[in-house]
Amino acid sequence: MRAKILIFVLMAVLLVFVFPQASYANYTRNITLLATPRGDVSIYPPHTINATYAYYRFSGNLCNMFLKDHLGNFCGNLAAGYWWKWWDDNGVEQPGTRYPMENLSALVNNVTITILEASAHGNNNYPLLRYAIVVVVDAGIPCLKQPDTSIVYTELDFWDSSGFVNWYSHSTPRGVIKASNECEYKFDNLTLGRQKTYSINFLPYIDKTLKTVTNYGILMNATILETYIAIESMNSVTQSKLNFNNFSTTATIFSSYSKHLNSTILRAYGATLTSANWNPVADINKDGRVNMTDYSLYARNYQNETWCKLTLNNYSP
Ligand SMILES: [Ca+2]
């Protein structure tokens, strides 16, 4: 008990006195402000005449998206959103233009969404149509089941066709679909024609996704890549239409390794190897539990940015 009191006093002292002023910066991406050589909108694959018709249109902050598939052979996303990295005129990513996810908070601010149409009829058992708000990050390490990529998708599904609802409930009792480099969370079931505004803290979802597909949470070298709203369709005769307004994301990125490590330990505090919030980075002495011993090691070194950086990079179990 005394140990617990001590640790909380220690944390309070550190939080109040070590970081008296904000050592972070806010970055906001707004859909109407950005343009890149690849554009802020992607359609994949490009629409096919006579089979699939897709468009997006912007009017100020309002974006209209439409997807129609007569034959049920479209498989992919119609996505509208924005990038967190930059390309040159040849489509080559510019070095140093990514935003690191160090202790990131990714907040989707007050986006208003209206689904105007959503119909999906499949030739198979599961006509798939869904709408999602998506944040894409580069995890910084390869995915476990897809080691050729470190790109990870966190998708909050706010509407699904009945096939997808069945898929959720049959295979994933907690409403999560897991793929090799993505997690989809059943987030809402928006009523057609009803306008709804969402403000979302994506951080817990991103953290959970990264733990699922890489075994680790948000590592120091993770970066944010894209934020968008997607219509996803697969093997369905589909007609879908939605609009959204004022879609922006703010990412708060702390600037010191020490603050990042502090937060990393606090998020994992009390965890053991099997805990949901387990993070090997936070287990500084590598004894399989995150407790006062680890926090004491941090407290002795919190002013040493080099030590904190090395510790954040040590994600061996
Ligand atoms: Ca430990």
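Biologist: Is the crossing of α4 and α6 left-handed or right-handed?

Modeller: The crossing of α4 and α6 is left-handed, a label used if the near helix is turned anticlockwise from the far one by less than a right angle, with right-handed used if clockwise. Please keep in mind that this is a predicted model, in which local features need pLDDT of at least 70, side-chain atom pairs count only at pLDDT 80 or more, and totals for chains, interfaces and linings use all residues. Residues are numbered from 1 along each chain as its sequence is written.

Biologist: OK, and which residues make that contact?

Modeller: On the α4 side they are Tyr257, Ser258, His260, Leu261 and Thr264, and on the α6 side Glu305, Cys308, Lys309, Thr311 and Leu312, where two residues are in contact if their C-beta atoms, placed from the backbone, lie within 7 Å.

Biologist: At what angle do α4 and α6 pack?

Modeller: They pack at an angle of about 45°, and their axes are 8 Å apart. The two helices are therefore oblique to each other, since angles under 35 degrees count as roughly parallel, over 145 as roughly antiparallel, 65 to 115 as roughly perpendicular and the rest as oblique.

Biologist: Which residues of α6 are buried?

Modeller: In α6, which spans residues 305-313, Cys308, Thr311 and Leu312 are buried; a residue is buried if 20 or more other C-beta atoms lie within 10 Å of its own, exposed if 12 or fewer, and partly exposed in between. Seen down the axis of α6, these buried residues fall within an arc of 100°, so they line one face of the helix; the arc is that of the directions from the helix axis to the C-beta atoms.

Biologist: And what sits on the face turned away from that buried side?

Modeller: That face of α6 carries the exposed residues Thr306 and Leu310. The buried residues of α6, in turn, are covered by elements that include α4 (257-268) and α5 (292-301).

Biologist: New topic: where does Met65 lie?

Modeller: Met65 lies in strand β4, residues 62-69, and Met65 counts as buried because it has 23 C-beta neighbours inside 10 Å. Leaving out residues up to four places away in sequence, Met65 touches Tyr56, Leu78, Ala80, Ile231 and Leu242.

Biologist: Last one: how many helices and strands are there in the protein chain?

Modeller: The protein chain has six helices and 15 strands, taken as DSSP runs numbered from the N terminus, with helices being H or I of at least four residues and strands E of at least two.

Notes
Axes are lines fitted to C-alpha atoms, for helices over the stretch in contact, and angles run from 0 to 180 degrees between N-to-C directions.
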